[in-house]
Amino acid sequence: MTTTTPPLAPETEPEPPAKPSGGKPRRGVSTIIVRIALLVMVLVWTIPTIGLLVTSGREPEVVSNSGWWSVLSSPLDFTQWTAQNYEEVFTARGMGNAFLNSLVVTIPATVIPILVAAFAAYAFTFMKFPGRDVFFIVLVGLLVVPLQVAFIPLLQIFGEIGIVGTFPAVWLAHAAFGMPLAVYLLRNYMEGLPGEVIESAKVDGASHFVTFWRLIIPMSTPALAAYAIFQFLWVWNDLLVALIFLGPGDNEVVTVNLSTLVGTLGSDWHLLTAAAFITMIVPMIVFLSLQRYFVRGLTAGSVKG
Amino acid sequence: MSSVRFEKASRVYPGSDTPAVDALDLEISDGEFMVLVGPSGCGKSTSLRMLAGLEETTSGAIYIGDRDVSDVAPKDRDIAMVFQNYALYPHMSVADNMAFALKMQGVSKDGRLAQVKDVAELLGLQDYLDRKPKELSGGQRQRVAMGRAIVRQPQVFCMDEPLSNLDAKLRVSTRSQIASLQRRLGITTVYVTHDQVEAMTMGDRVAVLKDGVLQQVDVPLSLYDKPANLFVAGFIGSPAMNLLDGKPTEGGADVGGYIVPLDRDTQARTPGRALKVGVRPEHWRIVADDDPGLPVEVTLIEELGADAFLYGSATDTEQSELAEVVARIDPRDPPRKGQSLRLACDPARVLVFDAETGERLTA
């Protein structure tokens, strides 16, 4: 060993300084390109949102006289700012009521499919019963069925039960449409959980029910949270299902309210932007507060780490 | 505490023709430490999982005490299992992990706490009770997994390679800790490993399996001295036993021109069939060039301090290569690499096997 290194050293010595200097700029250029691309994307995505927010907080006359970017020159001119727009859409334009309705629709429409899908995913993963794989394939196959196909039959069924225009109708519709994806995602996640942990619970005397609630649900939190975010955002932003099964009126949700406002207040930008911002704020909060759950890390430590 | 008995227990996986465990007959007495050992895929883990109830018994029966548990659910068998990767509940603290089974049995909170505390003290885990598994080192996790089993005071411990995720040094110390803990608790233990050193050092008795078939069950020393067949002879012992081709001849076995003397009884059992002559590395000695022996060219010397091993290729009288041999030699005066020398074996310790059936022929 020691006899072979001296002759090698002079040969390799000039190379190391050359290599990093040859590799570093290239790596640097690619990082810069990535950063620029990211910056462009962030700007493209956030500038309209900022414009929306700024416009919604300005006096109506100012909005119609100058673009939102003019506030950049005089941000401290407080005569141009007002909360009046929000007050008006919230009370006079029914956005307050619609906001509550949206919560009433979205929370159960998120919780119900998660709960049912988690039970189903547990059964598909950890229980053996005849026809299990066939059931699962059929269920996942439902992913390709577009929801529009089901509207007319669903309206007929809901009409017979007499729940059209009520909240349970949207809860059921959203829960059912979200189910295949939820079962699919959760089962895939549960399949990745260490099987020995479940076997250990079996030996320790845990029933299926206990295993589900005390082990599987806590260990599946990342998947549950990820799916909850998707479902919540989808339901909150949905216009089609809400319009068909709830419609405009007392039970209307924010998206329906907003689309009505677009029709009635065509040029009142200060009000439309305020309404739009109210519609956006909840999804933003939900995403920002729950995004850390996207990081899988909960199973670390249960098996060899 | 109670005994365990496998009675012609077999496990055939669906879609497979050959059983993973083939008619296993094994009796483990009360308080015994039984090690199941064998190469991967030999059915040792499957046997253990059958005992735990995690694997169905296709035919035959398994008894714990006098109770046939073949169709009993795992939780009703009164066993505790330690898994290879520990299978700790990741979101629970160490204390909750250990108390989980007691909770399932309906033990009161105070009762659970007291028992967990006792066991934690036994294993030196008192300071870690509030930690989550991911905040522990590998060795500590392993102890938690042991603690979780001990706290239940089961009839039988099932351990599935519990040391294989530890580093080499920790494995050796934990090995002796587990063995002495088991002696102290006196709970019947079935321990699965692929490491024959673990098997030899820990077990009261050792069962060697191969391809789902039990090869031999005996105390460690008997396995070493009197292996029932070629497989056990080659599997037990490190470095492995030298197994050389030989043919029966006047007064002994002819190994490439070197006549290994055999006793009369053994000779009587070797009528004209091909043989395997088994010599443990420690039963060789270096002899003078004109003494009877096997000519060997040294290819490698392994010096371990207390021991040294000589690896070499043996040649027969026609100078053609016969086999690779290993011999234990004096570590203070080892031969050099490339040196030619002669090895002779201790005839009293030589084992002779039938090359065809693999059965041992020496008494």
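Trainee: Where in chain B is Tyr86(B) placed?

Mentor: This is a predicted model, in which local features need pLDDT of at least 70, side-chain atom pairs count only at pLDDT 80 or more, and totals for chains, interfaces and linings use all residues. Residues are numbered from 1 along each chain as its sequence is written, with chains lettered from A and ligands numbered from 1 in the order in which they are written. Helices (H or I, at least four residues) and strands (E, at least two) are DSSP runs, numbered from the N terminus. On that numbering, the place of Tyr86(B) is the loop between β6 and α2 of chain B.

Trainee: Is Tyr86(B) buried or exposed?

Mentor: A residue is buried if 20 or more other C-beta atoms lie within 10 Å of its own, exposed if 12 or fewer, and partly exposed in between, with C-beta atoms placed from the backbone. Tyr86(B), which is not a glycine, has a positive phi of about 75°. Because 28 other C-beta atoms lie within 10 Å, Tyr86(B) is buried.

Trainee: Which class does Lys8(B) fall into, buried or exposed?

Mentor: Lys8(B) sits in strand β1 of chain B. Its phi is positive, about 45°, although Lys8(B) is not a glycine. Most residues other than glycine have a negative phi. With 12 other C-beta atoms within 10 Å, Lys8(B) is exposed.

Trainee: What is the strand order of the open sheet of four strands in chain B?

Mentor: Two strands pair if DSSP finds at least two bridges between them. Strands β1 (residues 4-11) and β4 (residues 59-64) of chain B pair in the antiparallel sense over five bridges, and Val4(B) has Ile64(B) as its bridge partner in β4(B). The pairing in the sheet is antiparallel, and the order in chain B is β2-β1-β4-β5.

Trainee: Which are the edge strands of that sheet?

Mentor: An edge strand pairs on one side only. In chain B, the edge strands are β2 (21-28) and β5 (67-68).

Trainee: Which peptide bond is cis, with omega near -5°?

Mentor: Most peptide bonds are trans. Pro239(B) lies in the loop between α8 (230-235) and β11 (242-249) of chain B. The cis bond runs from Ser238(B) to Pro239(B).

Trainee: How many residues of chain A are in contact with chain B?

Mentor: Two residues are in contact if their C-beta atoms, placed from the backbone, lie within 7 Å. Chain B contributes 23 residues, and their partners in chain A number 22.

Trainee: Which element supplies the largest share of the side of chain B that touches chain A?

Mentor: β6 (79-82) and α2 (94-105) of chain B each supply at least two residues of that side. The largest share, four residues, comes from α2(B).

Trainee: Which residues have the most contacts inside the largest nonpolar core?

Mentor: A nonpolar core is a set of buried Ala, Val, Leu, Ile, Met, Phe, Trp, Tyr and Cys residues joined through C-beta atoms within 7 Å. The largest has 127 residues. Not counting residues up to four places away in sequence, Ala207(B) touches Leu26(B), Met34(B), Val35(B), Leu36(B), Leu214(B) and Val217(B). Those with the most contacts inside the core are Cys158(B), Val190(B) and Ala207(B).
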